[in-house]
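Please open the model in your viewer and keep the selection panel at hand. The tour moves from one selection to the next and states what is to be found at each stop.

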Protein chains: 4
Amino acid sequence: MSTSFDPKDPNYAERVSNSFKRQKVMATLNAKLESVAPGEVEISFPYHEDFTQQHGFIHAGISSTILDSACGYAAFSLMPADAAVLSIEFKTNLLSPAKGEKFIAKATVIKPGKTITVTEAKLFAVSGESIKLIASMNGTMMAVFDRPAITQ
Amino acid sequence: MSTSFDPKDPNYAERVSNSFKRQKVMATLNAKLESVAPGEVEISFPYHEDFTQQHGFIHAGISSTILDSACGYAAFSLMPADAAVLSIEFKTNLLSPAKGEKFIAKATVIKPGKTITVTEAKLFAVSGESIKLIASMNGTMMAVFDRPAITQ
Amino acid sequence: MSTSFDPKDPNYAERVSNSFKRQKVMATLNAKLESVAPGEVEISFPYHEDFTQQHGFIHAGISSTILDSACGYAAFSLMPADAAVLSIEFKTNLLSPAKGEKFIAKATVIKPGKTITVTEAKLFAVSGESIKLIASMNGTMMAVFDRPAITQ
Amino acid sequence: MSTSFDPKDPNYAERVSNSFKRQKVMATLNAKLESVAPGEVEISFPYHEDFTQQHGFIHAGISSTILDSACGYAAFSLMPADAAVLSIEFKTNLLSPAKGEKFIAKATVIKPGKTITVTEAKLFAVSGESIKLIASMNGTMMAVFDRPAITQ
């Protein structure tokens, strides 16, 4: 995947992958880092009833967990090698019930910055051949430097 | 807890409690419905490393899961007996790292409506005697009627 | 401009244009309805110091005014002939200072619905040959029927 | 008005007032800075049809203009004397039509920070003795230092 962004750290993909592995919630959700490109990240996860709301759909907060990680790592892929990334805020719109065999979040940076990076993401439900847009996120990420508790 | 809202359904608390029990993700997170009043709901959950991001804090999406359920049930408590509730959208602001022994979300309706109900919530981290505001949510909920797949 | 949406009302463009003319704030801002297609609307407005914040840039709320009208009319273009449109909520991200000769907002529906329509928009600053993304919006619009005070 | 915040600059009120006077859009809207306390600001403005949408209500973007300035100055009141303030993002919920004789926005800091300050605001419509909540905002503000184009 080629994008219009120029990464500050040539090892961006490995850095994203290593940080993703340290997010224990990703393992809990059986999430998979599908692709990493400068400013673009895709993460998938399968349906599991452990993460459902009262109607048997995936809970909006779980969808947001995957969307936020995708947004955070899209931003992180463009940050310098010594930065850590934190979410400042995000907004999720729930467009359709989250039902399907698996789900894939696609996140893109729309404005990189030294401190603040703004991202957008879409979540798709996959069922057999069908793929359907079910949620969107708009999130603001911050590069953090030299905070002992907040590493990569 | 007494609030300024007048519930349309006198059995609102039981209805919220029953729906909460059907949210399997609440059991997965060991979440507890702490209180229900007209337009106000509190939900707590303990820290567990299964739900953490790369720095060992609770993932922002997991915080959003609890905040969204609290907002949804605050709205649901004011809806008529035959309504189901869906989240249209929410925004989460992450104010401080989500570290602590347990967390408690407090949600309030700020504008009830026939179709649309607007809510706000705060998430607090509790560690011993200390209690700290760590996240806020603003969410829009919709009352849904007569959709076979979407029950209470 | 051809889009993937099928308008419910064949006179959607005239209906949008007539409603736009009734928004007095659009005349106050010297805003112009540049284009209307099913689910897509563009509105431009020139820089004027009457609408600036303390640094001489267009105020973020004025940018939001144009973005919200573009989102609202993108949603309205897909609604049936007897619907009125109201904004439920929107989020604006300010990406760069709003300086330029003129500004153009481009809004698109990402999920149409009977009651709720979700939209996205981008605001660009134009200065000579240069065009720059300066703000984004994500907004939720509602179709309203049979409310006497709320006509088209 | 006494608040729980401790301003870094004892001249915070004068600094806010001076910056407010430089926002030309505030004069255009006939807006008035009603009060300034550490982390809390109130701004009012009268109804005028120049700022209305198609139903004769104040446009949601104009409401957002006042809410955003109130949030920005609430944040600014807690910043050091050499900081400028910029809005990163805000979300507005429209709770009821903006009709009334005048409107008053009340903004409060919920989390001050060295770089990022998070705020909340409510907008009320005043008509005679009646006062009604009509909109809410949640906004993220940034302290900016040493950028020549961005002064106080």
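Select chain A and chain B together: in this predicted model, the two chains bury about 3100 Å² between them, and carbon and sulfur atoms account for 56% of that area. The size of an interface is often given as the accessible area lost when the parts come together. Now display the residues in contact, which number 39 from chain A and 39 from chain B.

Next, show the polar side of this interface. Between chain A and chain B there are 22 residue pairs in polar contact, counting pairs with both residues at pLDDT 80 or more. Which elements of chain A each supply at least two residues of the side that touches chain B? They are helix H1 (12–22), helix H2 (24–28), helix H3 (60–76) and strand E3 (84–94). Colour strand E3 of chain A separately, for E3(A) provides the largest share of that side, with eleven residues. Colouring the whole side of chain A that touches chain B by residue type gives 15 nonpolar, 17 polar and seven charged residues.

Remain at this interface and look for salt bridges, of which two cross between chain A and chain B. Select B:Lys24 and A:Glu49, whose side chains meet in a salt bridge with an N to O distance of 3.3 Å.

Then move to chains C and D and select C:Lys24 with D:Glu49. These residues form a salt bridge, and their closest N and O atoms are 3.3 Å apart. Why does this pair join two chains? C:Lys24 belongs to helix H2 (residues 24–28) of chain C, whereas D:Glu49 is in the loop between strand E2 (40–46) and helix H3 (60–76) of chain D, so the pair joins two chains. Over all chains, the count comes to 20 salt bridges.

Now select chain D together with chain A. Here seven residues of chain D are in contact with seven residues of chain A. The area buried between chain D and chain A is about 450 Å², and carbon and sulfur atoms give 88% of it. Highlight D:Ile88, D:Glu89 and D:Ile116, which supply 58% of the area that chain D buries against chain A, more than any other three residues.

The last stop concerns aromatic rings. Select A:Phe20, A:Tyr73 and A:Phe76, which ring pairs link into a cluster. Over all chains, the structure holds twelve aromatic pairs. Finally, select B:Arg15 and B:Phe76: B:Arg15 lies over the face of B:Phe76, at 4.5 Å from the ring centre. In chain C, select C:Arg15 and C:Phe76, where C:Arg15 lies over the face of C:Phe76 at 4.5 Å from the ring centre.

Technical notes. Residues numbered from 1 in each chain as written. Chains lettered and ligands numbered in written order. Predicted model: local features only at pLDDT ≥ 70, side-chain atom pairs only at ≥ 80, totals over all residues. Heavy atoms only, no water. Phe/Tyr/Trp six-rings, centres within 6.5 Å; stacked < 30°, edge-to-face > 60°. Lys NZ or Arg CZ within 6 Å of the ring centre and 35° of its normal. Contact = heavy atoms within 4.5 Å. Buried area = accessible area lost by both parts, 1.4 Å probe. Salt bridge = Lys/Arg side-chain N within 4 Å of Asp/Glu carboxyl O. Polar contact = N/O pair within 3.5 Å; in protein donor to acceptor, adjacent residues only side chain to side chain. Helix = DSSP H or I, 4+ residues; strand = E, 2+ residues; numbered from the N terminus. Nonpolar A, V, L, I, M, F, W, Y, C, P; charged D, E, K, R; others polar.
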